[in-house]
Amino acid sequence: MGRERFRTGVEAASSRYVELADWGALIAHLAADPELGSDRHGAGDRRPRVALAPSLAHAQPDLVAGFTDAGFEVAVPDGDDPAAEVADVPLAVVRAELAVAETGSVLVSEHALGDRVVTMLCRRLVQVVDADTIVDRLEGAADWLREHGGQPGFASLMTGPSRTADIERSLTIGVQGPDEVDVVVLTTPSGGADEA
Amino acid sequence: MRTFEERYRTALDDPDVRAGLTAFQRGWRESRDAAIAELEAAEGRSFDELRQELAAIKDDVIANGDRYLDQFTANAEAAGAEVTRVATPGEANEQITRICHDAGATLMVKGKSMVSEEIGLNHHLEAAGITPVETDLGEWILQLAGETPSHLVMPAIHKRKERIAELFERVLDREFPPDDIDRMVKAARTELRERFLASGVGLSGTNALVAEGGSVMLVCNEGNNRMSVALPPVHIVTAGIEKMVPTYADAMKQVRLLARSATAQPITVYTNFVTGPRPGQRQHILLLDNGRTAMAEDPDVAAALRCIRCGACANVCPPYGVVGGHAFGHVYTGAIGLVNTAYHHGIEAAAGPQSLCVSCGACATVCPTDIPLPMQILEVRSKVVDAGAPTPAGRATQLAIAAFGQRWLFDLGIRAAGVVTTPLRSDGVTRVPRWLAERPGVREHVGWRTPPALPVRPARDHLKKGKLDEPSRLAAQPLAGRTVQLFLQCLSDRVAPDIPIAAAKLLRAAGADVRLPRAQHCCGLPAFDAGEQDAARTMVRQTIATLEGVDDVVTPASSCLAMLEHEAPHLLRDDLDDLERAQQLAGRTYDLISYLTTGPGRLPAGALDNGDRTPVTVHRFCQSSTTLQRRDSVERFLRDVAGVEVVPLPEAEVCCGFGGSTSIRSPELSAGVLDRKLGCVDGTDVAILITDNPGCVLHLRGGIHASGRQVEVLHLAEYLARRLPGADATPGGASA
């Protein structure tokens, strides 16, 4: 029930909602996306660059290999100038701590600069969340925040692609943040957080 | 900053302002109402319950500010932030400049920060050789245009897309078709991206400070705030000390109401909780007082510190829709600006815009923290008067109110005016001769609204014992054996006598013995409205003494009922005896519609159905909805009891623009609000407009006459009296 409500909120916020079994299925799903495929980029079987949040890539090193094997060029911005490494990267993947059914939001924790630039500078952002972390209400996210309160951190409830209505209240999608957001719910995540 | 008068004139002269803001307000109202209705359904609780819960959280913080500030400070410092409390804008500017200099920064990217506007930060930085760049799209547009925000949430809402396209063409030197908003947005992205990456300091505002975790909550839709926080090596947070909430769960309650009230979204795209700096970054949190402690200590305005800066109060404010935020407020716009400006920028800064409030009460109905804005505005207005910041118009008002307080003087004056204007009187209006009407000083008052006819004899003369005809009798006699004291309302008595006369006929037709307390004068509303609280108290006490007794008191003026029910107890709150008398009077006082629908005079269905089926439409006196909590009772009464077809009036509950002294002190504004109302009337294609308050009747009648429209405006009493058995259905009685 929470998942249905979550889906409604996600779609109301102009994101795509997808349910997949696990990370492997996610990589296959993105590899099969014609928007990201060879037709569009016209370079044989090459797929675009994908940025992985450093915290995610470090927790699940197999993801780098998985995306690479699927033809993606993987960027993990953990160098001295992470922003330069992923400026305008077409695709990025982050893992959310939890999801909120009430608003269709995901809670992403991104403390290091490398993690932050991934969600800020990409054009299309894939937010991945485990099905069993969906909470009904915003208070569920408050619980997570309280558990982490007082420790340095940057946690964001994200709900859809960036948008503005500052000109004549006319809605425009895609301002400083991503233009497109996919919310991917993993129903039987294997490995994933357990490996972290 | 330019004077209020300059800002007011500039806004009136810009046709974009009114057209754009009216459309904005209508669009917002519809989508916000839908978003709130959805929330109420999902939560199974009313908006009132939800906002009172949030208000209680904020009140706790206002009462225990230091405790939460200390808790927040300890937690934020544990997470690596440097927290500094600053008392004044000067101190805040100095601190921020110093931080920039210490970091060797010459470029600052700014997320939206109202506090930075409040302290005039940009000017200060520029003088110190630091370039601030606004990164919120609306704020950036205004920075390019050399303007300031006109709205808390939609800073550039006063600008039409054509003007923004021109601006972009000039600044960026390429083509921008006005309809291609997407192109403008993308240009902002490109232009600002390099600034984000190059700047040495990022500055953000604050939506809430979470005491239990030391987190700064920041909401945004564009993503600019996140980038201002994350990318530069130094992050400065500016926050008013009232931004505190005790817990994350409390913050979520704010989230639930904030975006819905601001932009009708369930939640903004980003709701960020920033706790300390990221690795390799420094974070400075500046907590600004600038009058906030003084507000917390002043019971008249303390609740204004609940404000979460959603802008809803501006979005329903009819005068805001005419002149926009630059005139209506200072840095903080809308109704909240009329209150907090006095504390953040001084009483002089708050003085001018006071004349723009029409006291319609709409702001309080949508405020997500339930701030009693209308009463607070009246309190600040009274402080403005007490501080003696008099404008010429203000002095004239003071004199007028002093004269008005003397019943005999007022009576004499209005009778004399009635005699003098006898040759000019026709169809219920005074036809001002052209040579006079075109003179400056007269023109702006009569050009758009023909003055009412001034009768020689007030209603009280017509209603003397022995002057009354044998009443026509209704079949239903709910008031048989009941005595009703009729409170005429000073305005109707002398300027619209047909209204109380009709009300008396109606009450007698329903069986009442109608009495007229001779000493009655004025309930004190105009004086209270003008900030003259002492004069208001004198009048309200006099009214209470006059109407003392056990009988029902009925008035055809709903505004007097609102005064006696709400403002009078507030004015007399320090005197328990007076307060009790005021409450007793309020308990037995009705306006006509409440008396006939929910009071002892309840009439059965069809009681006033005389077969006349001419359709009508209804303007609801604004305070009927906002203060007296009525919705469609006039419409339902007309349908059920009079059997008439009522064509719904769009924006029926929005103020007509009379606003007591507003229509005299700011006639252009009043004319603008009236114009919006009459545009809605035109849409109904109906020839009879009914309303429940005499002030609205005179205002609408004058505006309709001046514009040449063929719509008859009637007070409910006048309309119903025409439907009594044997009544003469032609207009004009005492005033003809």
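Modeller: In this predicted model, chain A and chain B bury about 4800 Å² between them, 57% of it on carbon and sulfur atoms, where buried area is the accessible area (1.4 Å probe) that two parts lose on being put together, summed over both. The model being predicted, local features need pLDDT of at least 70 and side-chain atom pairs count only at pLDDT 80 or more, while totals for chains, interfaces and linings use all residues. Residues are numbered from 1 along each chain as its sequence is written, chains are lettered from A and ligands numbered from 1 in the order in which they are written, and side-chain values use heavy atoms, with hydrogens and water left out.

Counted by contact (heavy atoms within 4.5 Å), 54 residues of chain A meet 67 residues of chain B. Across this interface the rule finds eight salt bridges, a salt bridge being a side-chain nitrogen of Lys or Arg within 4 Å of a carboxyl oxygen of Asp or Glu. In one of the structure's salt bridges, Arg193(B) is joined to Asp88(A), with the closest N and O atoms 3.6 Å apart. On the chain A side, at least two residues each come from helix 7 (113–121), helix 8 (138–148), strand 9 (153–158), strand 10 (163–164) and strand 11 (172–173); helices (H or I, at least four residues) and strands (E, at least two) are DSSP runs, numbered from the N terminus. That side of chain A divides by class into 22 nonpolar, 18 polar and 14 charged residues, with Ala, Val, Leu, Ile, Met, Phe, Trp, Tyr, Cys and Pro counted as nonpolar, Asp, Glu, Lys and Arg as charged, and the others, Gly among them, as polar.

Strand 9 of chain A pairs with strand 9 (residues 270–275) of chain B in the antiparallel sense over six bridges, two strands being paired if DSSP finds at least two bridges between them. Within this pairing, Met158(A) has Tyr270(B) as its bridge partner.

An automatic or database domain assignment divides chain B into domain 1 (49–292), domain 2 (429–597) and domain 3 (616–722). The centres of domain 2 and domain 3 of chain B, taken over C-alpha atoms, are 18 Å apart, and 34 residues of domain 2 are in contact with 37 residues of domain 3. These two domains of chain B bury about 2700 Å² between them, with carbon and sulfur atoms giving 69%. Of the area that domain 2 buries against domain 3, Trp448(B), Arg449(B) and Ile593(B) supply 24%, more than any other three residues. The count of salt bridges between these domains is one; Asp591(B) and Arg630(B) meet through their side chains in a salt bridge at 2.8 Å, N to O.

Strand 17 (residues 616–619) and strand 18 of chain B pair over two bridges, and Thr617(B) has Val647(B) as its bridge partner in strand 18.
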